[in-house]
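Dear colleague,

Please find the structure below, handed over for your records. My notes on its contents follow.

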Amino acid sequence: MNSVFKSLIGTWESTSASGSFPTIKDFSYEEVLKFEENGQPLLHYSSISKMGNDTKHCEEGFLRMLKPQSNLVCSLEAHNFGVTVIYEGTIDENTITLESKEISRISTAKEPYVTQMKKIFKLTSENELEMEVDMATSNKPLTNHLFVSYKRKIA
């Protein structure tokens, strides 16, 4: 397993998390992000985002190397609001950069549709992680949407 993947394993809790987009009011939230091994050469991950006691967003997915012995990586994720995303990208030193290749949505989804996503995970130290998410919709170009700083939860 890739060394950056190994460094992600564990539970990460946000120390700051904020979101914005041209069509919504800026917001802050809390998030717990988990990366787990399951005996395969990939990581299972999940995240739950809350505002106060209210769960606002959930996603589940898998992060794996796209090609063995390369720096190519992919991610498959499902969101609780009915969107699935396949990402492909690269892993370099302490950073994983992913760009959407396919986005699917449930038949009852309403416009504006998410049309593009970019996600960057950056390990800033052994116990600190950052995530940046950019998003485009059917009526807005690729724009920063989320920025989260995490600390590893030490059991």
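At 49% relative accessibility, lysine 153 counts as partly exposed, a class that lies between buried (under 20% relative accessible area) and exposed (over 50%), with a 1.4 Å probe and protein chains only. Glutamate 13, at 34%, is also partly exposed.

This is a predicted model: local features need pLDDT of at least 70, side-chain atom pairs count only at pLDDT 80 or more, and totals for chains, interfaces and linings use all residues. Residues are numbered from 1 along each chain as its sequence is written, and side-chain values use heavy atoms, leaving out hydrogens and water.

The count comes to 4 salt bridges (a side-chain nitrogen of Lys or Arg within 4 Å of a carboxyl oxygen of Asp or Glu). One of them joins glutamate 13 and lysine 153 at 3.9 Å, N to O. Lysine 119 meets glutamate 59 at 2.8 Å, and glutamate 77 pairs with lysine 119 at 3.0 Å.

Leucine 63 touches (heavy atoms within 4.5 Å) residues including Phe5, Phe35 and Ile96.

Yours sincerely

Definitions and conventions
Lists of a residue's contacts leave out its neighbours within four places in sequence.
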